[in-house]
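Hello,

I'm passing on a structure that is new to you, with some notes on what turned up in it. Have a look at it first, then read on.

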Amino acid sequence: MTEPSETYSGTEPPSMKTRAYLGSALIGIAATVAGAGAGHLIAVLVRADASPPYAVGSAVVDATPEPVKSWAIRTFGSADKLVLLSGVVIVTLLLAAVAGLLARRRLSYGLGLLGVMVAIAGWAALARPSADLLSVVPSLVTAGVGLGAMTALHRGAGESADEGLSRRGVMLAGAALGIGAVAAAVGRSVGSVANRVAGALPKPARPLPALPAELPVPGITALRTPASDFYRVDTALIVPRVDASSWELVIDGEVEQPQRFSYADITAMPMVEADVTLCCVSNEVGGEYAGGARWTGVPVRELLARAKPKPGNDQVLSTSTDGYTSSTPLAALVDPQRAALLAIGMNGELLPRDHGYPARLVTPGLYGYVGATKWVTRLTVTTYAGRKAYWTVRGWAERGPIKPSARIDTPQPLASLKAGTIAIGGTAWAQHLGVRAVQVQIDDGPWQQARMGGDAGIDYWRQWWLPWSAQPGQHRLRARCVYASGTLQTDVRAEPFPDGASGYHEVVVNVR
Ligand SMILES: Nc1nc2c(c(=O)[nH]1)N[C@H]1C(S)=C(S)[C@@H](COP(=O)(O)O)O[C@H]1N2
Ligand SMILES: [Mo]
């Protein structure tokens, strides 16, 4: 009869082995979390966009193929950034676990993999358009803390790593995870400082009249979208923090007299107001990526006039602090009939940071990606043949006139309604063409004229509604928009890519 101990000679009980592997993986994860947390904390203090997870996330955004990117925007909406960052974090933690397991074989293997991971983050931070030497600091800190933590934890795990995590190792790992979590939380709260910027917006030289009265129909979109509810679409994982006192707008390229404007130069000019409804080209028919606001700023044509564009150019390439570029037709910016603004205000207040503080473009009638550059610092007069913008390189149309649309806000899709009189209502836009009417069709019935809310100008959306005496059953509601010229919007269905969605908005409801 053999001793039980001999039965196991040369092998470990499986549970011990599993525990040992888990312990090693945990060491890798703890070291990585501690390193990344410390790096993120430093980044918040010196260079927010150089935070290792954000830098890698931004590199992923820029490298993601167009179809995947628009799928992500469609599927996750405004949560797209959260989903992306979660993906980066999950992949990082998996690699961290692998590094921990490698360190079990040989410490230098684990340190090597961690080193490669940090190097990728450092490279991503340096590849940001706004990068400078300070941008490597967070990655250096991450490397120091991460590699140090792995070495300490590995040693702490005990001479015989096969015994799994020693008590000391568990405590060290817990401490490292704790440090990482605290650092990340502090970094987050410091990083999410006020989006609103204190300070007074200069008064407009000739204020616009108040907007027309809201239609008293519950559930329809308000005529003015508060900044806090305004959709946000941009490639910036962290909102750029631009200092108005050092901000400058440069006008260069094919111009007779290149210009430079400080923030004080801009605010000293007479302020103009414009009611403009902004739309994203990624918006699906019936989608939420549209908002109406009163913008305050100076006409871009006056700034361009000082620079004197040379003949033969058709594009203004605008550049943002974060390197994003946009290609606006020069003709739209110099058109005296179109209130293209270098805007510094939104709804009577300074632009919030996430909508472009200190200054952005707003070009009536053009999708945001071709005429609404936020955090804008440069206008380069050039040609479409010569320069391509961020989204154009990725296959989107060069010039993006907004496609008109009527949206049904109420009732909502698949709503279950009581028979009786029901208000069908919503908003309609045909920027720079004007909305004359909205027509509604119930099932296969005749198209009926909706009752229209007040008109705030051709660049602004318009509310509408129609009372409907609903009978039990399932019904299909459709809406379409008629431009000021009398032209009917197209019924041709198109997806957002490459130049905007079209077709009638359609909602199916059930009436009991
Ligand atoms: N710097 C910068 N400006 C930008 C973008 C961007 O990614 N970066 N996105 C554009 C797009 S696609 C749209 S639809 C509008 C949205 O403006 P909002 O976020 O203020 O609603 O901003 C435009 N300006
Ligand atoms: Mo957009």
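Five strands make up an open sheet of mixed pairing, running in the order β12-β19-β18-β14-β15. Strands here are DSSP runs of E of at least two residues, numbered from the N terminus, and two of them pair if DSSP finds at least two bridges between them. At the edges sit β12 (416–417) and β15 (448–449), each pairing on one side only. Seven bridges join β18 (residues 473–483) to β19 (residues 505–511) in the antiparallel sense, and Ala 479 stands opposite His 505 of β19.

A word on the basis: this is a predicted model, where local features need pLDDT of at least 70 and side-chain atom pairs count only at pLDDT 80 or more, while totals for chains, interfaces and linings use all residues. Residues are numbered from 1 along each chain as its sequence is written, chains are lettered from A and ligands numbered from 1 in the order written, and side-chain values use heavy atoms, without hydrogens and water.

Now to ligand 1. Around it are 19 residues (a heavy atom within 4 Å), and Tyr 231, Thr 235, His 355, Arg 360 and Lys 374 come nearest. Its oxygen atoms have polar contacts (N or O pairs within 3.5 Å): 2.6 Å to a side-chain N or O atom of Lys 374, 2.8 Å to a backbone N or O atom of Thr 235 and 3.1 Å to a polar backbone atom of Val 233. Alone, ligand 1 exposes 530 Å², and the protein buries 99% of that (Shrake-Rupley areas, 1.4 Å probe).

Best wishes

Technical notes. Helix = DSSP H or I, 4+ residues; strand = E, 2+ residues; numbered from the N terminus. Polar contact = N/O pair within 3.5 Å; in protein donor to acceptor, adjacent residues only side chain to side chain.
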